[in-house]
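Here is a short report on one protein chain. Keep the sequence and the model in view while reading.

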Amino acid sequence: MGETEAFADEVRRATQGESSAFSELYRRTRPLVARLVAGFGTLDADEVEDVLQESYVRAFRGLPRLKEAGAFTPWLLTIARNRARTKLERRTALRRMEDTLADPEPESVPALPPALQVERDIAVVRQLIAELPEGEEKKTVQLFYLEGQLSAREIAEQLGVGKSTITMRLERFRGRIKRELLQRVLAGRWE
């Protein structure tokens with residue numbers, strides 16, 4: 001059995017899942033693949049190692065799709081070349097993004113101080129309560145949120161209903177407020 005045929009046999013055995021065949025393919029091809037990847041001069045040693053590992057993982061996972069066992073080495077080299085290019089492209093894109101983030105353009109509108117933001121938020125909630133249709137739900141919400149002195153049980157006693165009714169009204173209001181606030185935030189406006 002010749003050298004080429006023995007190598008093709010290792011590829012076939014690896015395709016069938018024999019771990020010793022994977023090891024032998026790795027041992028025989030690693031120096032060639034490492035030289036190719038190291039030829040991408042701007043990759044450091046860790047990046048070269050990452051590319052090697054990614055290349056072998058992809059190649060070994062894709063072995064069942066390889067039509068000709070003799071084409072393994074050129075196929076593996078193509079995978080390694082593509083992985084190295086991708087690594088360089090990602091690094092370049094990351095550097096561009098870091099440069100952009102390192103020198104952000106100043107904001108055109110200064111942020112509101114936290115105390116003013118809280119006041120603004122409270123004003124929005126008050127406005128939403130005022131917009132509620134007249135009725136028991138509005139009365140419940142006003143007693144609980146605007147007056148803020150009574151518990152849900154005390155409001156229930158005052159209005160002559162069960163505590164669960166008050167709780168349900170408050171939950172319904174909270175759901176409505178969340179939707180409204182989300183819509184306003186997404187629209188980028190408060191008024």
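## A buried valine

Val11 is buried, because its relative accessibility is 1% and the cut-off for buried is under 20%. The model is a predicted one. Val11 belongs to helix α1, which covers residues 3-15.

What does Val11 touch, leaving aside its neighbours within four places in sequence? Its contacts are Leu25, Leu63, Leu66, Ala69 and Phe72. Leu25 is also one of the α2 residues that meet α3. Gly70 is 59 residues away from Val11 along the chain. The C-alpha atoms of Val11 and Gly70 are 8.0 Å apart.

## The chain overall

The chain holds eight helices and zero strands. Its pattern along the sequence reads α-α-α-α-α-α-α-α. Of its 191 residues, 29% are buried.

The accessible surface is about 13000 Å². Carbon and sulfur atoms supply 53% of that surface.

## Helices α2 and α3

Helix α2 spans residues 19-38, and helix α3 spans residues 45-62. They pack at an angle of about 135 degrees. Their axes lie 10 Å apart.

Which residues of α2 and α3 meet? On the α2 side they are Phe22, Leu25, Tyr26, Thr29, Arg30, Val33, Ala34, Val37 and Ala38. On the α3 side they are Val48, Glu49, Val51, Leu52, Tyr56 and Phe60. By class, this contact has twelve nonpolar residues, one polar and two charged.

## Helices α6 and α7

Helix α6 runs over residues 136-147, and helix α7 over residues 152-159. The angle between them is about 135 degrees, with 10 Å between their axes. That angle makes α6 oblique to α7. The crossing of α6 past α7 is right-handed.

From α6, the contact takes in Glu136, Lys139, Thr140, Leu143 and Phe144. From α7, it takes in Ala152, Ile155, Gln158 and Leu159. The residues of this contact divide into five nonpolar, two polar and two charged.

Technical notes. Residues numbered from 1 in each chain as written. Predicted model: local features only at pLDDT ≥ 70, side-chain atom pairs only at ≥ 80, totals over all residues. Heavy atoms only, no water. Helix = DSSP H or I, 4+ residues; strand = E, 2+ residues; numbered from the N terminus. Buried < 20%, exposed > 50% of the residue type's maximum accessible area, 1.4 Å probe, protein only. Areas by Shrake-Rupley, 256 points an atom, 1.4 Å probe, with all protein chains shown as cover. Axes fitted to C-alpha atoms, helices over the stretch in contact; angles between N-to-C directions. Parallel < 35°, antiparallel > 145°, perpendicular 65-115°, else oblique. Left-handed = near helix turned anticlockwise from the far one by under 90°. Contact = heavy atoms within 4.5 Å. Nonpolar A, V, L, I, M, F, W, Y, C, P; charged D, E, K, R; others polar.
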